[in-house]
Amino acid sequence: QVQLQESGPGLVKPSQTLSLTCTVSGGSITTNLYYWSWIRQPPGKGLEWMGAIAYSGITYYSPFLKSRTSISRDTSENQFTLQLSSVTPEDTAVYYCARDRGGYLEVWGQGTLVTVSS
């Protein structure tokens, strides 16, 4: 059974780059037809899809965050990574990684809270 686990610092200072890693177990991130997404949820707000990396390595980004977002992967470690640059307190959120198949986010990590504060 596929499991996803987010990891990274829980506190980031304004203007810095937020970096999170999602480690996948029980399945390969290169398996055909799967996409690997990052989603976030600010306190008291709804879920926001940030972007994804496909099994092929192609990346997709939300147009609202595209200028600040980068998603990459390490196939040897079966991990994919989110980088969000120039963060502000508005980027404070619980960040999730998830597996997407056909537009359905079918498996989620437990989420990790990232606070942007000086």
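## Briefing: disulfide, core and sheet

The model holds 1 disulfide, counted as a pair of cysteine sulfur atoms within 2.5 Å. This is a predicted model: local features need pLDDT of at least 70, side-chain atom pairs count only at pLDDT 80 or more, and totals for chains, interfaces and linings use all residues. Residues are numbered from 1 along each chain as its sequence is written, and side-chain values use heavy atoms, with hydrogens and water left out.

**Disulfide**

- Cys22 is joined to Cys97, with an S to S distance of 2.1 Å.
- The link of Cys22 and Cys97 is right-handed, at 65 degrees about the S-S bond.
- This pair ties distant parts of the chain: Cys22 lies in strand β3 and Cys97 in strand β9, 75 residues apart.
- Strands (E, at least two residues) are DSSP runs, numbered from the N terminus.
- Cys22 and Cys97 are both buried, that is, under 20% relative accessible area with a 1.4 Å probe and protein chains only.

**Nonpolar core**

- A nonpolar core is a set of buried Ala, Val, Leu, Ile, Met, Phe, Trp, Tyr and Cys residues joined through side-chain atoms within 4.5 Å.
- The largest one has 25 residues, and Leu4, Leu18, Trp36, Trp38, Phe80 and Tyr95 have the most contacts inside it.
- Two or more residues each come from β3 (18-25), β4 (35-41), β5 (48-54), β8 (79-84), β9 (93-101) and β11 (112-116).
- The most come from β3, which gives 4 residues.
- Beyond four places in sequence, the contacts of Leu4 include Cys22, Trp36, Phe80, Cys97 and Trp108; contact means heavy atoms within 4.5 Å.

**Open sheet**

- In the order β1-β3-β8-β7, 4 strands form an open sheet with antiparallel pairing.
- Two strands pair if DSSP finds at least two bridges between them.
- β1 (3-7) and β7 (69-74) are the edge strands, each with a single partner, so one side of each has no neighbour in the sheet.
- On average, neighbouring strands of this sheet are turned by 20 degrees against each other, direction ignored.
- The antiparallel pairing of β3 and β8 runs over 6 bridges.
- Ser19 stands opposite Gln83 in β8.

**Tyr34**

- Tyr34 sits in the loop between β3 and β4.
- Its relative accessibility is 14%, so Tyr34 counts as buried.
- Tyr34 and Tyr55 are 21 residues apart in sequence, but 5.6 Å apart in space, C-alpha to C-alpha.
- Leaving out residues up to four places away in sequence, Tyr34 touches Ala54, Tyr55, Arg99, Asp100, Arg101 and Glu106.

Technical notes:
Buried < 20%, exposed > 50% of the residue type's maximum accessible area, 1.4 Å probe, protein only. Axes fitted to C-alpha atoms, helices over the stretch in contact; angles between N-to-C directions.
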